[in-house]
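Keep the sequence and structure in view as you read.

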Amino acid sequence: GNLKKEKTPLPREDCHPELDQSPLLDLDGHRKFQMILGMLQWMVTIGRPDLCNLVSCLNRFGACPREGHLDLAIRGMGYVKAVPDPKIAIDSSPMEYERQLPNYTKLHPDFVKDYPDAKEEIAGHFPEAFGPVMETTIFVDADHAHDQKTRRSLTGLLAYVGSTPVIWLSKRQGAIASSTYAAEFSALRTATEEAISLRYMLRCLGCNVPTDGSCPTKIFGDNLSVIQNASNPAADLSKKHVAISFHTVREAIAARIVEAYWLQGRWNLSDIMTKQIPTTEFRSHCDYIFWRPDFHIRQHNRLDEDYEVFLE
């Protein structure tokens, strides 16, 4: 009853639980921390992507938490108290966005020479596709050297089917990236792999995901140099340590599985997966992720009309 309501899951932009030097919790405190963290993890699993970064930050301390970690977990519950029931709208209509991009990002890659055999793998056991074309979109971000002890970067990802968020993750990268470029390319590779898996799953369910390359998954990132190097056939691979990520992404683009677009950082919804952004921006991002009556009711009415036409 005395739990204070909080506006954001984490307290500030430079919050780093790995640097906490407060006393270790006793047995009762340890159990309390694990109980709260378990509840937060379950909420992330069932539809609270806004808690994803907090849980990612605290998960690594489950075996040996400190008092400061328990305070952060309690703060997370205070945020849940302030925002108890956000809803995810099930909306199959394509996402509405404007591609106000510089001309040099609107590329039409010709990777025939570089990746002559690039194609999307199509299994023979897929059921016959039905319904309208199902578009997929992924927002991806990386926070270079986020962990101040190990200097591992953080990957954040938010994937949509139509206008419905279906995948969200925040996790440390497996290797130390020596530059922002490397960290962002690693995150872009993760997004590409998720796009391939998502498209495969949708086809297994009988959803209409074209196999002719006419509807690639759109991946939005906020690092312009990475997007340019991924999409421009003339770009050279001058950084050997990101070769795997480089070729994974470019081959997927060559096969028309994904398209990479640059997006201004302040519009990148996956930002909330990698860092605690200012409260106003955080709430704005959440407004675009969760149910908005002013938008989704209008969309719902339009979809009802489209569905009636489809049945006819």
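This is a predicted model: local features need pLDDT of at least 70, side-chain atom pairs count only at pLDDT 80 or more; totals for chains, interfaces and linings use all residues.

**Rings, helices and a buried threonine**

Residues are numbered from 1 along each chain as its sequence is written, and side-chain values use heavy atoms, without hydrogens or water.

Q: How are the rings of Y79 and F282 arranged?
A: Rings of Phe, Tyr and Trp (its six-membered ring) pair if their centres lie within 6.5 Å; planes under 30 degrees apart are stacked, over 60 edge-to-face, the rest tilted. Here the centres are 5.9 Å apart and the planes stand at 70°, so the pair is edge-to-face.

Q: How many residues apart are Y79 and F282?
A: Helices are DSSP runs of H or I with at least four residues, numbered from the N terminus. Y79 is in helix 3 (residues 67-82) and F282 in helix 7 (residues 279-289). The pair links distant parts of the chain, 203 residues apart.

Q: What separates Y181 and F185 along helix 4?
A: Helix 4 covers residues 180-204.

Q: Is T190 buried or exposed?
A: T190 is found in helix 4. Its relative accessibility is 11%, so T190 counts as buried.

Q: Which residues does T190 contact, leaving aside neighbours within four places in sequence?
A: Contact means heavy atoms within 4.5 Å. With those neighbours set aside, the partners are T155 and L157.

Q: What is the orientation of helix 1 to helix 2?
A: Axes are lines fitted to C-alpha atoms over the stretch in contact, and angles run from 0 to 180 degrees between N-to-C directions. Helix 1 (residues 27-47) and helix 2 (residues 52-59) pack at about 140°, with axes 10 Å apart. Under 35 degrees is roughly parallel, over 145 roughly antiparallel, 65 to 115 roughly perpendicular and the rest oblique. That makes helix 1 oblique to helix 2.

Terms used. Helices (H or I, at least four residues) and strands (E, at least two) are DSSP runs, numbered from the N terminus. Buried means under 20% relative accessible area, exposed over 50%, partly exposed in between (1.4 Å probe, protein chains only).
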